[in-house]
Amino acid sequence: MGADSLLSDVQQSLDLLRDQQLLRSRREVDSPCSPHVLVNGRDMLAFCSNDYLGLAAHPLVIDALAEGARIYGAGSGASHMVSGHSRAHVLLEERLAGFLSPHVPSARSLSFSTGYMANLAILSGLTALKGADHTAVFSEELNHASLIDGMRLARGAVTVYPHRDTRTLERQLAQCTARTRLVVTDSVFSMDGDVAPLDRLLSLCQRYDAWLIVDDAHGFGVLGGSGRGALEHFGLRSERLIYMGTLGKAAGVAGAFVCAHDLVIEWLVQRARPYIYTTAASPALAHALLSSIQLIEGAEGRRRRAHLAQLVKQFREGLRLSSWKLVASDTAIQPIVVGSNEQALRVSMALEQQGLWVPAIRPPTVAEGTARLRVTLSAGHTGQQVQTLVDAINHLQASL
Ligand SMILES: *Cc1c(COP(=O)(O)O)cnc(C)c1O
């Protein structure tokens, strides 16, 4: 058989996705990331980026990126273990370790090109400590796909615990005989916007001698008075914490980092394949990130977080929903569960006709029957822009 049979299988699978309203499409954006974007030549008001503080197109960050390229060049040229580990990466790692040090004793940090890679490295690296029989991973039901893929690379048994259910987790931990125990969770759940009970999770980890891996992709920069994220929000400090923050969301640039006890980081450097076998990110990005962390930590970050909190409140108080359901969330992620894929797409398209960009999220990203509009708010939005969205959604809910 030739390539014909392969192509016809692909065609059939694509047709199936189309029939189920699961085909995805990408839109071409022809402007910087901001509330107003040019999409296919049309000006749209966007409520879909994870640029929660509006730093992705901040003049200081843009200047720092250009300056970083002038100082360090465009590319790193090699992996970190060969010759790609630039002074810019070192400065970034030191800055991030210092930033998180109130929460992580003996903190050291390790930078990655993406959060996806960082999660693969944490899970594959830490489960390779003592071999498969010695390791057990306890994973929150709604964890991000990158953590799930990390567990596919991991050695050792994986047990899933229900969403935010620390009682079930406790029962599972009590029965576990493995030597290395890893509890792994998103801090802010990316499709729901609610927050994991990290304080109770950490107590359980202390009682049952486990590590707590926190994926703070949607918390770093946004949560906590000075933007240190979920650990600051809960006031946690422990050597058991293995913290992963991403730098392409609130930090507005790209990349990610793991912050943990010095020895844990040293192990990842030595043994985590997703860290070792990939080209280091551009040092210019690391340089730009120094300036966005400066913004996050300072008065401007504080102002932006306060404005964002105000917008979240305005959005929640303004909606008048009957059949659709606003998910209980205090964060910038404000999903509205609509139900069927078809209905979610219809609402998203109706908003698009009014120049409002709100994506419909469908299975497998969320559970069957819970297709939703995922509204994300940003400190870059104005109150007026949020009101425009609220009015449009209220109007559609009444008419569809
Ligand atoms: C976005 C995200 C990631 C992946 O981070 P990237 O830097 O985009 O690869 C990991 N975990 C969660 C919860 C995320 O939302």
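1. The largest cavity holds about 80 Å³ of space. A cavity here is a set of points, on a 1 Å grid over the protein atoms alone, where a 1.4 Å probe fits but cannot get out, and its lining residues have an atom within 4 Å of a point. Grid points are joined across faces, edges and corners, and a volume is the space filled by probe spheres set on the points. By this rule there are two cavities of 30 Å³ or more.

2. The model is predicted: local features need pLDDT of at least 70 and side-chain atom pairs count only at pLDDT 80 or more, while totals for chains, interfaces and linings use all residues. Residues are numbered from 1 along each chain as its sequence is written, and side-chain values use heavy atoms, with hydrogens and water left out.

3. The lining of the largest cavity consists of 15 residues, of which His89, Leu92, Ser111, Phe112 and Ala281 lie nearest its centre. The elements that each give two or more residues to this lining are α3 (87-100), β3 (107-112) and α11 (283-297); helices (H or I, at least four residues) and strands (E, at least two) are DSSP runs, numbered from the N terminus. The largest share, three residues, comes from α11. By class, the lining has nine nonpolar, six polar and no charged residues. Here Ala, Val, Leu, Ile, Met, Phe, Trp, Tyr, Cys and Pro count as nonpolar, Asp, Glu, Lys and Arg as charged, and the others, Gly among them, as polar.

4. The second largest cavity holds about 60 Å³ of space. Among the residues that line this cavity are His80, Ser111, Phe112, Met117 and Tyr275. Two or more lining residues come from each of β3 and α10 (273-276). The lining divides into five nonpolar, five polar and no charged residues.

5. The ligand has 14 residues around it, and Gly115, Tyr116, Asp215, His218 and Lys249 come nearest; a residue is near if one of its heavy atoms lies within 4 Å. Helix α4 (residues 115-126) gives the largest share of this shell, three residues. The shell comprises two nonpolar, nine polar and three charged residues.

6. Polar contacts are pairs of N or O atoms within 3.5 Å. A polar backbone atom of Gly115 is 2.7 Å from an oxygen atom of the ligand. An N or O atom in the side chain of His218 is 2.5 Å from an oxygen atom of the ligand, and a polar side-chain atom of His144 lies 3.4 Å from a ligand nitrogen atom. The protein covers 82% of the 380 Å² of accessible area that the ligand has on its own, as computed by the Shrake-Rupley method with a 1.4 Å probe.

Definitions and conventions:
Polar contact = N/O pair within 3.5 Å; in protein donor to acceptor, adjacent residues only side chain to side chain. 1 Å grid on protein atoms, 1.4 Å probe; cavity = no way out; pocket = protein on both sides within 12 Å on 5 of 7 lines; lining within 4 Å.
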